[in-house]
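I am opening a notebook on this structure and will set down what I look up, one entry at a time.

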Amino acid sequence: MTTDRSAGAAAVALALEVTDLSVAYGKVEALHHVNLKVPSGSIVTVIGPNGAGKTTMLNAVMGLLPARGEVRYEGVSITHTEVEARVAHGLCLVPERRELFAEMTVADNLTLGAFPRHRRRERGIPDDLDAVYARFPRLRERREQLAGTLSGGERQMLALGRALMARPRVLMLDEPSLGLAPLIVREIFRIVADLRRSGVSILLVEQNARAALQVADYGYVLETGEIVLEGPAQALATDPKVVETYLGFSGKTAV
Amino acid sequence: MSRARCLLFVFLTALVLGPAFLPEFYVTLLNYIGLYSLVALGLVLLTGVGGLTSFGQAAFVGLGAYTTAYLSTAFGLSPWLALFVGFALTGTVALFLGAITLRLSGHYLPLGTIAWGISLYYLFGNLQFLGGQTGMTGVPGLSIFGLALDTGRKVYYLIWVLVIAALYSIQNLLNSRPGRAIRSLRGGGVMAESFGVDTAWLKIVIFVYAALLASLSGWLYAHLLRFVNPTPFSLNIGIEYLFMVVIGGARFVWGAIVGAGLLTILKEWLQSLLPKIIGQAGEFEAIVLGILLVLLLQRAREGLMPFFQHWLPPARWVEAPQSAPALPQRERPKAGERILEVRAVRKQFGGLIAVNDLSFEMSSGEILGLIGPNGAGKSTMFNLITGVLPLSGGEIHFRGERIDRLPSRRIGRRGIARTFQHVHIRTTMTVVENVAIGAHLRGHKGVVAAALHRERAEEATLLHEARRQLERVGLGEHLYEQAGSLALGQQRILEIARALCADPVLLLLDEPAAGLRLREKQALAELLRRLKGEGMSVLLVEHDMDFVMNLVDRLVVMDFGERIATGLPREIQTHPAVLEAYLGGVE
Amino acid sequence: MNLDIALLLTQDGLTNGAIYALLALALVLVFAVTRVIFVPQGEFVSYGALTLASLQLGKVPGTAWLLVGAGGVIVLLDGIIAVRERRLHRLPRVLLENLVFPVALLGLSGWLAPQKPALWIQVALALALVVPLGPMLYRLAFQPLQNASVLVLLIVAVAVHFALTGLGLVFFGAEGSRTPAFSDARFEVGAMSVSGQSLFVIGASVALIVALYLFFEKTVYGKSLRATAVNRLGARLVGISATLAGRLTFTLAAAIGAVSGILVAPITTIYYDSGFLIGLKGFVAAIIGGLVSYPLAALGAVLVGLLESFSSFWASAFKEVIVFTLIIPVLLWRSLRTHHLEEEDERE
């Protein structure tokens with residue numbers, strides 16, 4: 001896959017397009033024929049109850065899991081590209097468990113976020129580091145601290161910052177609110193909304209439906225591996241069917 | 001006659017008739033293969049089945065060989081007496097080394113075996129009374145009942161009788177109650193412990209058994225060759241024993257003989273033929289062996305036996321009888337009696353508080369659901385109740401008795417049985433055998449009885465019970481299938497059957513509906529309702545709200561390690577704290 | 001035992017300890033990044049020593065042929081993969097690294113060796129011949145097993161050790177070699193007689209350790225290796241592939257092994273199979289550090305060196321027994337402290 005960094009790439013309407021994605025763990029079909037689109041410059045969210053397959057979906061799009069179906073990034077199929085190559089092309093994931101380098105400093109974590117760019121000997125990496133510190137002042141304060149000693153909210157910010165260092169064009173976030181107190185969640189989502197302004201397209205997976213739908217443009221609801229509902233985020237926010245999905249009013253397994 | 005039995009018959013016949021027709025050279029080769037097979041059989045039990053990798057078996061061979069060599073030359077002791085002295089010595093050393101190294105988890109264990117493998121080898125070579133590097137000569141030959149086994153051909157029969165006997169004993173052992181426990185040792189043994197298996201002791205048992213087999217091989221070696229020196233007991237040979245087992249197929253008892261045979265023949269061919277072809281002497285067998293092993297581990301990690309098995313369907317070893325004496329049952333608690341009390345339980349992992357002052361109760365005969373968003377602490381709670389994790393604070397009482405400081409296997413004994421979030425079954429064992437593990441505490445026969453095949457009556461009752469439970473849960477048609485071939489839903493129900501085999505009072509189910517299809521969930525819900533109707537108490541952790549809401553009597557909702565609500569399903573569905581926890585309340 | 005002897009033994013112990021410290025570093029590094037318990041580390045030591053010895057005798061070392069052979073196999077394997085996946089643009093690089101480069105080295109050795117050039121040129125050439133073996137070994141034996149359990153990787157490592165030892169016999173013959181000392185100086189420091197050779201070995205080891213420390217602390221590639229060791233998944237998610245980390249790590253391990261071999265060659269007679277025991281002693285040190293902590297491993301290395309040195313004086317026959325029996329209580333202590341996640345074990 002050749003990387004087209006010319007203006008032509010920016011004109012691609014869909015930053016990310018997932019077609020017919022299915023993932024099986026041995027005998028279990030965790031994802032069934034999932035279709036979704038992330039238009040350039042928008043925030044798309046996938047919500048749903050626990051065990052729905054949201055993390056599986058992100059991992060499959062990232063290439064961490066074998067999957068059937070197709071993933072197109074900026075119009076080009078990346079279905080057979082390795083994870084590391086996808087990162088190098090600008091598709092980044094902030095996973096559910098953050099996967100920080102706990103025994104390394106905040107500064108090192110951020111520097112490593114730009115690893116593909118270091119390999120390509122790109123310039124401007126120190127500037128990006130400053131930009132990340134500007135966006136997350138608390139990280140600048142703690143830059144020589146070990147990542148493992150940070151609080152939950154700070155870890156989330158570090159994970160976000162690290163992903164941003166790669167100058168991603170599509171950023172995927174897996175449950176950024178997980179385990180965080182409501183005030184911090186608010187801050188994180190404010191930052192997510194702000195990211196859109198820098199031209200990053202965002203695919204946001206969340207269990208906290210309300211916060212996600214407030215910040216997103218479009219939403220999908222995933223339940224037991226299938227998309228059961230989709231629509232503009234504002235419409236979904238007031239749709240009673242969403243509540244049912246979460247708390248089981250739908251009575252599907254009533255005998 | 002099945003294909004397998006045919007082949008066995010042919011093999012045994014060839015074995016018996018071989019020495020009559022084969023030239024001396026091949027008889028010697030077969031003798032060596034027999035000697036190595038003994039050690040390899042021990043490794044199959046220890047490493048292949050038990051999951052404990054040992055590179056140090058050659059040291060035990062040395063112990064057996066040197067004991068008999070020394071006692072029969074320095075004291076003129078009868079070799080047969082020396083054999084038992086050797087067993088005693090090897091057993092003691094093995095117990096000692098086992099007690100230390102078997103505690104070593106993960107990859108530390110094989111490193112430990114390398115350590116004492118080297119130590120013992122250098123010990124053999126440096127003790128003067130053992131002859132140092134030159135060793136001891138003049139070791140007498142064997143004689144049985146006056147018949148002197150003075151030729152290789154005669155010792156051959158003794159060797160192979162012992163090999164077949166050892167193989168038979170291991171085969172018997174693996175298809176018995178302790179055998180099922182041994183086969184559950186892999187993967188951490190959490191499941192085995194929850195059904196009452198003392199995994200630490202069992203590991204020592206198989207370790208000592210493997211050491212004794214190696215010692216026996218050493219004894220035969222000394223009296224076959226009539227001299228002993230340290231070379232065959234080096235670490236390199238210990239490594240070769242492991243290679244044999246990997247080549248043959250570590251999990252297969254016959255793999256030991258296949259592997260021993262192949263490796264010996266390969267070495268022989270390489271040592272004698274290659275130098276003639278290449279025109280230079282060298283340790284080519286080491287090169288070829290090394291490369292072969294790497295390729296094998298990259299492409300065919302299960303060894304060669306699976307290829308043979310393809311061709312020969314395995315014989316069925318277990319038969320669950322349709323009727324057998326029933327096992328005694330536990331006394332059931334009265335309906336409504338308080339059976340489980342969780343009092344202000346706390347669990348901390350370093351700075352992270354996973355469970356924070358959680359309290360709830362359960363009465364006999366009810367289905368209680370423990371729910372909550374991701375990361376709420378539900379699975380941790382489960383592990384605390386079943387003794388997998390220790391508490392940081394609080395108490396847990398079961399039927400009036402405090403259980404929070406007991407290890408899982410004692411908790412299992414008191415009537416709590418569980419299933420697991422990620423199914424813990426032995427995929428290569430049959431369904432009925434998997435379920436029979438649940439009845440482990442309801443049997444008593446040990447390793448020796450099993451090896452001698454003298455526990456058949458008890459085995460029949462255990463297998464019958466497993467069959468009964470499988471029929472009760474609706475899997476009666478699948479008794480003899482490999483557990484790995486069942487659908488996930490069926491595997492989850494298999495785990496429930498296994499738990500039922502333990503005759504529990506309280507069933508703990510960890511996400512039993514995860515990954516199930518709609519129909520499977522309906523079947524599961526029906527099974528659970530039936531069990532409740534028969535007086536069983538069930539505590540389940542679940543994410544699937546549809547499933548839970550229609551099944552449970554009461555719910556306990558957790559979030560951030562704390563209880564945020566308790567009550568009936570309908571109440572919970574409209575409870576504001578619950579709604580906020582699940583859907584989020586950010587402005 | 002009087003003071004003179006004690007000091008002499010201490011000096012010996014420290015010299016050997018320096019080598020063990022280097023090897024322990026390589027072992028800890030390889031394990032942390034790739035989860036391979038790298039038993040063949042000792043073979044890099046003997047190959048380094050014997051390659052230098054060959055050059056000293058004016059012969060083309062067998063290592064050069066090994067490089068060409070291994071490189072050829074890699075070209076075949078990677079070539080087939082490239083063709084099958086239709087990524088032909090990879091072929092030139094594969095050919096360059098694995099065929100052109102080794103053949104060039106062979107040619108260079110063929111031309112230089114008989115001339116018996118200056119020692120430092122020989123050392124450089126010996127390093128150039130042994131170091132590429134590292135990534136080649138990774139590619140052939142371990143790259144296809146990136147997700148295998150530590151146990152399987154250990155058995156493969158043992159198998160590789162077997163093969164390399166056998167190849168060592170083929171390439172270097174059964175006779176041992178000892179290269180001339182780097183320094184024949186002797187210094188009188190107070191009551192002690194310190195040999196220049198020992199100082200050189202200790203000095204070189206310390207220098208190498210410091211250099212590696214700087215590499216890991218200050219350079220991006222060094223940090224990327226630390227990152228892989230700390231969190232493999234996290235490393236992948238920032239674009240550090242296991243293959244990249246593996247190749248780099250094995251290159252470093254080979255370099256450390258080769259340097260150790262060159263340093264140790266003047267001190268002891270090295271045979272084709274001596275590397276194993278030397279490597280194992282590095283192991284004991286690494287295990288004292290739990291296979292993860294380097295400072296502890298370095299301390300352990302000094303301990304092993306001193307223990308070996310003093311036991312060889314008091315009970316020379318049992319020197320090996322003592323050193324290796326030491327592993328067991330250390331393993332026990334280590335094992336009790338770390339609680340292994342049982343997901344490591346195979347799931348059936």
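What share of the contacts in chain A with a separation of 6 or more is accounted for by residues 24 or more positions apart? I looked this up and found 67%. I note at the start that this is a predicted model.

Entry: chain A.
I counted 12 helices and 10 strands in chain A. Along the principal axes, I found that the C-alpha atoms of chain A fill a box of roughly 60 × 40 × 35 Å. I then looked up burial: 48% of the 255 residues in chain A are buried.

Entry: where chain A touches chain C.
I looked up the contacts between the two chains and found 22 residues of chain A in contact with 15 residues of chain C. On the chain A side, α3 (83–89), α4 (106–113) and α5 (115–119) each supply at least two of the touching residues. I sorted the residues on this side of chain A by kind and got 13 nonpolar, 3 polar and 6 charged.

Entry: chain C.
I listed 15 helices and 2 strands for chain C. A compact globule of 348 residues would have a radius of gyration near 20 Å, and the 21 Å of chain C agrees with that. The box filled by the C-alpha atoms of chain C, taken along the principal axes, is roughly 70 × 55 × 40 Å.

Entry: one helix of chain B.
I picked out helix α19 of chain B, which covers residues 456–473 and has 18 residues. From its first C-alpha to its last, α19(B) reaches 26 Å, close to the 26 Å expected at 1.5 Å a residue. Which residues of α19(B) are buried? My list includes B:Leu462, B:Leu463, B:Ala466, B:Leu470 and B:Val473. Charged side chains are on the list too, among them B:Glu458, B:Glu459, B:Glu465, B:Arg467 and B:Arg468. The buried residues of α19(B) pack against α7 (177–183), α17 (431–436), α20 (488–501) and α21 (518–533) of chain B. Just after α19(B), I noted that B:Gly474 takes a positive phi of about 95°.

Note on methods. Residues numbered from 1 in each chain as written. Chains lettered and ligands numbered in written order. Predicted model: local features only at pLDDT ≥ 70, side-chain atom pairs only at ≥ 80, totals over all residues. Helix = DSSP H or I, 4+ residues; strand = E, 2+ residues; numbered from the N terminus. Rg over C-alpha atoms; globule rule 2.2 N^0.38 Å. Expected span 1.5 Å × (residues − 1). Buried ≥ 20, exposed ≤ 12 C-beta atoms within 10 Å, placed from the backbone. Contact = placed C-beta atoms within 7 Å.
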